[in-house]
Protein chains: 2
Amino acid sequence: MGATPAKSPLAPAGFPDLPEIGGVEFAIAEAGVRYQGRPDVMLACLAKGTAIAGAFTQSSTRSAAVLDCQSKVGGDNSQGAAIIVNSGNANAFTGRHGLDSVNAVTQAVAQAVGVPEGRVFSASTGVIGEALPHDKINDKLTEMADSLSPGAIEQAAGAIMTTDTFAKGAGTVIDIDGQKLRIAGFAKGSGMIAPDMATMLAYIFTDAAIDQSELQNMVSVLNAATFNCITVDSDTSTSDTLLVAATGASGIRVSENNVGFMEGLRQVMLDLAHQVVRDGEGATKFIEVSVTGAASDEDARVHALSVANSPLVKTAVAGEDPNWGRVVMAIGKSGARADRDTLSIRFGDIIVASDGWVSPDYDEEAAAAYMKNQELQIHVDLGLGGGTSRVWTCDLTHGYIEINADYRS
Amino acid sequence: MGATPAKSPLAPAGFPDLPEIGGVEFAIAEAGVRYQGRPDVMLACLAKGTAIAGAFTQSSTRSAAVLDCQSKVGGDNSQGAAIIVNSGNANAFTGRHGLDSVNAVTQAVAQAVGVPEGRVFSASTGVIGEALPHDKINDKLTEMADSLSPGAIEQAAGAIMTTDTFAKGAGTVIDIDGQKLRIAGFAKGSGMIAPDMATMLAYIFTDAAIDQSELQNMVSVLNAATFNCITVDSDTSTSDTLLVAATGASGIRVSENNVGFMEGLRQVMLDLAHQVVRDGEGATKFIEVSVTGAASDEDARVHALSVANSPLVKTAVAGEDPNWGRVVMAIGKSGARADRDTLSIRFGDIIVASDGWVSPDYDEEAAAAYMKNQELQIHVDLGLGGGTSRVWTCDLTHGYIEINADYRS
């Protein structure tokens, strides 16, 4: 929340070229909510008929904006819709002021762009516990309504950044029976990232026509395997919000059983989720933890998150130390079923432990060399059953401490 | 596991003067298990009739020594008993070699000091996954058996240290109806510390005469409120062991209902538990998290540990930042029941948040000044019921990263 750290070494080369999505326009503004001299508000306007589905933080102290979005998702889509997001202030844990600000902003947006207030979705990200100066946002709405553009998605992605070191975008064009469908989205998030749900904020748009309830089913299923499988620091935000909007502008209708569309949406969600991990505060390594052979998928997930959240595992990765003993420790403490003597562990393709001890084939030099990679795989097989899980995280470094301890918020 | 960091700033002034416990003698040796030029083995011999109770890690990958101790606690105490502990090698996740080493050492100790093998309790602490060179320990047993002394408890405490920056001891003399009972113990531990159970290793001795099953009841109850209420990094060791031995040398018998003895033992256990936190890797602040007003005691404990384990809360404390928003976040993510609008938070005596928002009485300057203290209290009241919990932790600093990432194990 203080000085901006350098761009993450795990950042992609640049913001991707994203397809324009018919029925969606973006605008940004410098409202000065907290940050000065940079865009801090994003407005997206959606065509009539747009179906909107979502997934939200499970925090019991979730923000007023999250509660408001949850009540609106699935509403009547005969009119247009809008999404308004500010950075710098989370409007979370602000008592009755929280809802007052959400109402003030969503009413003003409804008026400015001519949609029902029940179709205006808001989000706020930044400092917790300070009243949102919502007039600063509302003062910019006319300017934003006049500058809406279908091509401004990268600018929109930039406006919602907080401690992010790069803007996160992903998209794809899907060919369905010779017809093209487009998906494009963006996300922000870098700390306070853990299931459920890890997103912080993500907005994804498609020109496919999809029934809202079917879209919601797809989003819920895919969210469980993408945004809900990442963790930076095991801390969960009060504001996490994912919205997926299907405008139908392509004229092509897809069902929730459309494998091609489902796969395209999954890729975009996973890409954005991975980018959030790649911007994990202080991250220098991108880690995939995969667990197989567990007694159940749920057990596999508990083990995978125990490894991914273990400070001792994460610091070992930061130190490029193939310290598989710490992986054993994390499996042992997870609470899910494990048997020391059927456990095996691989770092990438290197078998390090099996049958309850270091593998006779273990090559410590090869393991130490492997740990120098920027992208690492830790694989654990429990040897108990068919349960599997895969989660993604980053290492724990001095950078995390610097960002979160050395600067006053 | 690498270079030894400087003594923790939270360390007590020195090792305390502890009362000698009749029926207990200690010896140490430099066996060179891993460390060179320092004592790394501790032997304690206990008189006939000593009752021994224990508490152990709940890890599903617990070490062979832990499994062996668990099987022996509560056994026939008509003969003497012994405790043997080495540092430098944890003998954990070493396959069949683990049990072989435990058997080899406990057999040799039994022979060297003339007690049944079923009454020899062992523990090993240090690197995971390397075979224990148990002959190095066994080669020192005659030397140790010849140098047993009732006054060598401080030396014993030093011999079991690993990444500890100071030896941890605590004791008390209790007056029961004009008769004196003595309790003295020591502990080690500084990382991989979380319930259950947080101790790493702790050995406590008393000259009271107590029935083993009553002693076990006392230890289990007190452990839940002491060693199981500390967390350094949410990571749980595979080797955590607490043994409490009552020699009966005082000739005074106490029951599990003896309030004075119970309180004395509680103080010694809490003192040692706090010292483990004070030696938390990289710790610069000692933090008490107390939760009241929860729906149940169990809910209160879940909230308290969520706050105590949150990297964002711990880094905020390290940065002396009264960032109560992160406390709200940690309560929200815990999974236990919370209502944003009945929540209140105090830092020491400073009310920071109440009724779902920053308190009108909040004085940020006073809070910032409070955070400069070395000992801090974070108090959360849920406003829901009568559930309470209190746990202890330390901050998360560059020192933790240095110890766990910068040096190869």
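Mentor: Happy to; we'll start with the strands and then step back to the domains and the chains. Keep in mind throughout that this is a predicted model. The mean pLDDT of chain A is 91, with 95% of its residues at 70 or more. One stretch to treat with care is residues 195–199 of chain A, where the pLDDT is below 50, although in the model this stretch has 28 contacts beyond near neighbours in sequence. For the complex, the predictor reports a pTM of 0.86 and an ipTM of 0.81.

Let's begin in chain B. Four of its strands form an open sheet of mixed pairing, and reading across it gives the order β1-β2-β4-β5. At the edges are β1 (24–29) and β5 (120–127) of chain B, each with pairing on one side only. From one strand to the next, the twist averages 15°. Now zoom in on β4(B), residues 81–89, which runs parallel to β5(B) and is joined to it by 8 bridges. If you want a pair to click on, take N86(B) in this region, whose bridge partner in β5(B) is S124(B). Helix α2 of chain B, residues 95–113, packs on this sheet. The helix touches β2 (41–46), β4 and β5 of chain B, and its direction makes about 130° with that of β5(B). Please remember α2(B), as we'll meet this helix again.

Together β12(B) and β13(B) make a hairpin with 2 residues between them. In its turn, G348(B) has a positive phi of about 60°.

Chain A has an open sheet of 6 strands with mixed pairing, in the order β13-β12-β11-β14-β10-β15. Its edge strands are β13 (357–358) and β15 (387–394) of chain A, and each of them pairs on one side only. A353(A) has V358(A) as its bridge partner in β13(A). Helix α7 of chain A, residues 259–278, packs on the sheet by touching β10 (286–294) and β15 of chain A, at about 45° to the direction of β15(A).

Now step back to the domains. Chain A is divided into domain 1 (24–278) and domain 2 (286–406). Taken over C-alpha atoms, their centres are 33 Å apart. Domain 1 of chain A brings 10 residues to the contact, and domain 2 brings 11. The domain 1 side consists of 4 nonpolar, 5 polar and 1 charged residues.

Finally, the two chains together. Chain B superposes on chain A by a rotation of 180° with 0.0 Å of shift along the axis, at an RMSD of 0.0 Å. The two copies are therefore related as by a two-fold rotation axis. In chain B, H398(B) has the C-alpha nearest that axis, 2.9 Å away. Where the chains touch, 50 residues of chain B are in contact with 50 of chain A. The largest share, 7 residues, comes from α10(B). By class, that side of chain B holds 18 nonpolar, 23 polar and 9 charged residues. Of the interface residues of chain B, 100% are also interface residues in chain A, so the copies meet through the same surface.

Definitions and conventions: Residues numbered from 1 in each chain as written. Chains lettered and ligands numbered in written order. Predicted model: local features only at pLDDT ≥ 70, side-chain atom pairs only at ≥ 80, totals over all residues. Pairing = 2+ DSSP bridges. Axes fitted to C-alpha atoms, helices over the stretch in contact; angles between N-to-C directions. Contact = placed C-beta atoms within 7 Å. Least-squares fit on C-alpha atoms with pLDDT ≥ 70 in both. Nonpolar A, V, L, I, M, F, W, Y, C, P; charged D, E, K, R; others polar. Domains from an automatic or database assignment. pLDDT = per-residue confidence, 0-100.
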